[in-house]
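Have the viewer open and follow along.

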Amino acid sequence: MDLFGQFRAADSLFRLITGDMAHVTSYPFCPREPALPGRSEPIGMSLPEEQGVPSSLVEKFLRLLEEDPTLCPHGVVILRHGERIAEAAWKPYSGKIPQMQFSLSKSVTGMAVGLAISEGLLSLDDRMREIFPEKLPPFYMGKPGDVTVRQLLTMSSGVRFNELGSVSEKDWVRAWLLSDCAFAPGSQFSYNSMNSYLLAAAVCQKAGMSLTEYLTPRLWEPLGIAVPHWETCPMGIEKGGWGLYLLPGDMAKLGQLYLQNGVWKGQQVLPQSWVEEATRRQIDCRMGERDAWYGYQLWGLAWGNGYQFNGVFGQYVAVLPEQDMVVAVTSGNDQLFEDNTLRYLEECFCIPGALSDHSLPPNPRETRALRKTLESLWVISEMRPDICPMEKQQKPGFWGRWRQKHTETTLRLPDAARYNGRSYQFSRNSVSLLPLIIAGVRGNFPGNLQEVRFRFGLQSARFWFREGDESYVLEAGYPGRMIPGSITVHGERYPVRCGVWEGRDEDGRLVVKLYLVFPETPSVRVLKLIFYGVDGEKLMLRSDEHPSAARAVDMFAGLVTGGRSAEEVIPPGLQRLPAFGRVRGLLRPKAKGQWKREPQ
C-alpha cells in the first residue's frame, strides 16, 4: 500500500472508532441484488444402505454436530459413490438459499485458473507485471510485480496488502502491486485472500470477461449449477478469495468433480492433470495448532489422503477418496480453519470397516430414526417448538385438543404486551441490526439504533426500528415459528428470518430476545431487551451476533500477525485509551433506552 493508501486506511479506522459507520469505506457503496434461490439440477438420491453406509452412522454424525455447542451447523449434504445419501438443514435454514462461502470461494477461483491454464490464457510462471502492465507506474521496481501465478495459488507471495486494505482502497490490483513483500516470494506460506483476488483478476484480464461469465459455460452449466452470485470489488472484478454464494448441494458437486478427476457425466470438465496437481501437497504450512499442507487454493486433511475446500465460520467441502465420499457443510461458528466437524467426520465414516463397498440390507428402524433426526434440527435451541413459554399447558383429552386446534383460547399474550405501543429512544450507541461481520464483508456500514417500538399479539410480535436514515418493520414468530422479512441498508436488501422468545433473568426482570437469522450468511443477530425501572420505563438493549464479531477480529489479527490476537497486537497503554474502549463497544454493543411518553 502506498503512502496515500496508508492515510486512507487510517481514516477508515478513525471513522470506525468514532462511530461514523456510514463513511468507513473510502469509496461509494454499490448495492447488490440478494442471492436468489438457484435452480440447480439435483443430485441423485439414495438410501444410505444402498451405497454401503449404515443410516445409524449418518444419524450419529448429525447428532454429534447438533449436540456440539461450538459448531452451530446450518446444512449438510453427504455423497457416496456420487449419490446423495443424506441432506440436512437446521431450521430456519433450508438448504435452498445460496449461502456465503467466505474463503471456500478460493477453491473455485483455483478451478478457474486451472481452466485458464488449459486454454493457454495463463501459465504457472506468468508474473503479475506481465499480466497487469497498465497498472504499473513508470520505473516500477516493486517485488509484487515478480510474483507468479504459482506463488499466488500456494499462498506464498508474501505481499503485505491484505483484506484490511480492501476497505480503504478502490483499485485493489494497483494497491497490491504498490505494496511490499514480507519475505521473498515463494519462500514460505502466508495466508492472504488478496492472493486469490489477484488470481480472479488475472483470469478476467486474460479472458476479457468477468469470472462469472468465464465459468458459466465451463463449470456451472456442465455441473447443472444455477449461475451463482459472486460479490465484486469496487472495480467490478469478482473478489476471488471470498464473496461466492452457493447451495450446499452445489458445494458437494464441486467436491465430487475433483473426486472424479475432473469428469462429470462423462465430460472432462477440468483437466485431470490440474486436479492431480491442485489436490497434492504444494507447500507446507500450519493450520491452527497443527502442521498441514496446502495445494492450489485448498487444504489437506489431517488424516488419510483427503483434502478440503475451507471457508471461515465452518464452511466445508471435505473430499474423502478412500471412502469415495464428499461431505459439504455450512455453519455459523467461531472457527477459522478446522473445527470438530472434521473430527466427527473421521470418527463416523473413516474408521476401518465402517463402510461397505457393496449395498447393505434395508434397515427400516434406522431409516425412521434418521428421518426423525432430520425433522428435529434447529439452529436456535430457544426457538424449538417444544420450548414455548407463551402457550398454556392443556389437560390431555379430546375436547382440549379440539379447542387447541380450532380456537386461540389456549394462547395468552406474553408479559411484554403490557408495553405495547411504547416508543423507546436510545442514547448514543453502536447497536445495529446488521451483524458487524456482514457489514465488514460487504463494506456496508449502517447507522446506529435510535428507536424501537413493538406490539405483541397472540401469534407473533411486530417490531418497528429506526436506525440512522433507515426504518424497518419486522414480524417475529414465537418459538416453533420464524417469520420471513428483510432489512435494507443503503439500498441493499438483506433477507431475514425473525423469532422472539420471552423469559426472566436472574433478577426477575422481563427479558425479550429477538433473533434475526440472515439465511444468506452464517450470521444471527440477537437483540436482548431487558425492561427495568418503574413500570418498565427503561430499556436496556444488549446486542450480540453469532459467529462472534470479537472472535472474528481476533482471527483476522492472527492471520496478519502470525497468530497473535487483536489485544496482543495493541500495546497495553493504547488499550486503556477511550478509543480502544469504543472499539470494544462495536464488538459487544449495548444501548440504554427511555420510554418516550406521549403528551396527554
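Two strands count as paired if DSSP finds at least two bridges between them, and helices (H or I, at least four residues) and strands (E, at least two) are DSSP runs numbered from the N terminus. This is a predicted model, in which local features need pLDDT of at least 70, side-chain atom pairs count only at pLDDT 80 or more, and totals for chains, interfaces and linings use all residues. Residues are numbered from 1 along each chain as its sequence is written, and side-chain values use heavy atoms, leaving out hydrogens and water.

**The hairpin of β9 and β10**
- Strand β9 (residues 299-300) runs antiparallel to β10, and 2 bridges join them.
- W299 has Q308 of β10 as its bridge partner.
- Between these two strands lie 6 residues, and G304 in this hairpin takes a positive phi near 65°.

**The hairpin of β10 and β11**
- Strand β11 (residues 315-320) pairs with β10 over 5 bridges, again in the antiparallel sense.
- Y307 finds its bridge partner in β11, at V319.
- This hairpin has 3 residues between its strands, and F313 takes a positive phi near 70°.

**How β10 is covered**
- In strand β10 (residues 307-311), 5 of 5 residues are buried (under 20% relative accessible area with a 1.4 Å probe, protein chains only; exposed is over 50%, partly exposed in between).
- In a regular strand, side chains alternate between the two faces of the sheet.
- Both faces of β10 are covered, with Y307, F309 and G311 buried on one side and Q308 and N310 on the other.

**The whole chain**
- The chain holds 19 helices and 22 strands.
- Of its 600 residues, 55% are buried.
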